Amino acid sequence: MIRALLYGFISILVITFVRMVMGIIMKEFSGLMKEETASQQPPSRPNPAKQKVPTSGEFKACKTCGTYVLASSAITSGDAVYCSPACKEKSAKASA
Ligand SMILES: [Zn+2]
């Protein structure tokens, strides 16, 4: 008698557990299905315009070698503009 009760109790527990698991699985499955339908829509790609390209900015000629360099990346010494520290050194040596 007690065994029958125990089996009944265990079977209820098992059914409850299985139902719970099935509920979780179904939830996950429906979530996956929703994701799949969402992915069928054109994906929102990261805007390439966000990548900053230094398009603006004037070019300046190196005083030593004449190479044009962006003013933002150029090495300046007073009014003089140089493409590299080497050119700046050369100019300094030439003037000295
Ligand atoms: Zn130079």
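**Figure 1. Confidence across the elements of the predicted model.** Helix 1 (residues 2–40) has the lowest confidence among the elements of the protein, with a mean pLDDT of 88, and strand 2 (residues 68–70) has the highest, at 94. pLDDT is the predictor's confidence in each residue, from 0 to 100. Over the protein the average is 84, and 81% of the residues score at least 70. The model is predicted: local features need pLDDT of at least 70, side-chain atom pairs count only at pLDDT 80 or more, and totals for chains, interfaces and linings use all residues. Residues are numbered from 1 along each chain as its sequence is written.

**Figure 2. Order of the elements.** The protein has two helices and four strands, in the order α-β-β-β-β-α from the N terminus. Helices (H or I, at least four residues) and strands (E, at least two) are DSSP runs, numbered from the N terminus.

**Figure 3. The largest nonpolar core.** Cys-62, Ala-74, Val-81, Tyr-82, Cys-83 and Cys-87 form this core of six residues. A nonpolar core is a set of buried Ala, Val, Leu, Ile, Met, Phe, Trp, Tyr and Cys residues joined through C-beta atoms within 7 Å. Buried means 20 or more other C-beta atoms within 10 Å of the residue's own, exposed 12 or fewer, and partly exposed in between, with C-beta atoms placed from the backbone. Of the 96 residues of the protein, 8% are buried.

Figure 4. Thr-67 lies in the loop between strand 1 (59–61) and strand 2. Thr-67 is partly exposed because 15 other C-beta atoms lie within 10 Å.
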